[in-house]
Structure formats: structure tokens, C-alpha cells
Amino acid sequence: QTSYVPTSKLRPGSIEFKGVRTQASYTVFCWNILGVSFLLSGIVSYMLNKGHEVPPALLRATILAWETAAPNTLLVAAVVRYSIWPQILEKTGDTTNCRTWRALTWHNANVAIALTEVALLGG
């Protein structure tokens, strides 16, 4: 159930995230763009290792993917930790859905992977 501030004109409603719809959330977008960033970085590294010239468009796409993924990943983690989680605790106290392996992986591994990239490779 989605909830809004009392003065909002938006109507509360439920959205089922099953199947392909699981890709619709912002958290999953960040997870996917981080994966695309690593894929593109790997392709660039492979091409350079094999002595091939890397097209400038691929280099731009790689940097754009990383520059999109890193800050959004940290934003998701901050919003979940400091906004969504406290609201759930205040309203129902039941954080069962937030503690599933999928939710924890999406929110925590996202940040861990992004920070590992920065720490080991300098971003």
C-alpha cells in the first residue's frame, strides 16, 4: 500500500511487483544500471587488453552508465535507510518485507559494489 502526506491529491493504491514488474522500481533500475556499467567497463578493458581500438561512443556510454549508477545507488540506500525504514517502523513496526534476501541484496550490495569500484579502481 502506497501512502502519501495528508494534503496530497494522489490516491493511495497497491502495486503488485511480480515477474517483469519487479524491474519497475527505482532500486532495481539502479541495480541494473550498475550492472550495465560493469559490463561496459569489462568490454572496454577486454578490447584494450586485446589491442583493439575502443570506439569513443563506447567510452562515453561506459562513463555515462557509471556516472548515473554510482550516485543513484547511494541515493537509494540513503532514502531506504533514513526515510522508508523509519516510516515503516513508525506505522506498523513490521519490517518483514524490507528484510527479505532480495531487498537486502538490492539495497546493501548496490552500495557495496559501487564503493568497491571507487575504492579499487578510483571510479
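The model is predicted. The protein contains 3 helices and 0 strands, and its elements run α-α-α along the sequence.

**Overall form**

- The C-alpha trace of the protein extends over about 60 × 25 × 25 Å along its principal axes.
- The radius of gyration of the protein is 18 Å, whereas a compact globule of 123 residues would have a value near 14 Å.
- Buried residues make up 25% of the 123 residues of the protein.
- Taking contacts between residues at least 6 apart in sequence, 57% link residues that are at least 24 apart.

**Helix H1 against helix H2**

- Helix H1 covers residues 26-49, and its axis comes within 8 Å of the axis of H2.
- The two axes, of H1 and H2, cross at roughly 145°.
- H1 and H2 form a left-handed crossing.
- By class, the contact of H1 with H2 comprises 19 nonpolar and 7 polar residues, with no charged residues.

**Helix H2 against helix H3**

- Helix H2 spans residues 56-91 and helix H3 spans residues 101-121.
- The axes of H2 and H3 lie 9 Å apart, and the helices pack at an angle of about 140°.
- This angle makes H2 oblique to H3, since angles over 145 degrees would count as roughly antiparallel and those from 65 to 115 as roughly perpendicular.
- The crossing in which H2 passes H3 is left-handed.
- On the H2 side, the contact is made by Trp66, Thr73, Leu74, Val76, Ala77 and Val80.
- The contact of H2 with H3 divides into 9 nonpolar, 3 polar and 1 charged residues.

**Asn72**

- Asn72 is located in helix H2.
- The relative accessible area of Asn72 is 17%, so Asn72 counts as buried, the cut-off being under 20%.
- Leaving aside residues up to four places away in sequence, Asn72 is in contact with Tyr26 and Cys30.

Definitions and conventions: Residues numbered from 1 in each chain as written. Predicted model: local features only at pLDDT ≥ 70, side-chain atom pairs only at ≥ 80, totals over all residues. Heavy atoms only, no water. Axes fitted to C-alpha atoms, helices over the stretch in contact; angles between N-to-C directions. Helix = DSSP H or I, 4+ residues; strand = E, 2+ residues; numbered from the N terminus. Parallel < 35°, antiparallel > 145°, perpendicular 65-115°, else oblique. Left-handed = near helix turned anticlockwise from the far one by under 90°. Contact = heavy atoms within 4.5 Å. Nonpolar A, V, L, I, M, F, W, Y, C, P; charged D, E, K, R; others polar. Buried < 20%, exposed > 50% of the residue type's maximum accessible area, 1.4 Å probe, protein only. Rg over C-alpha atoms; globule rule 2.2 N^0.38 Å.
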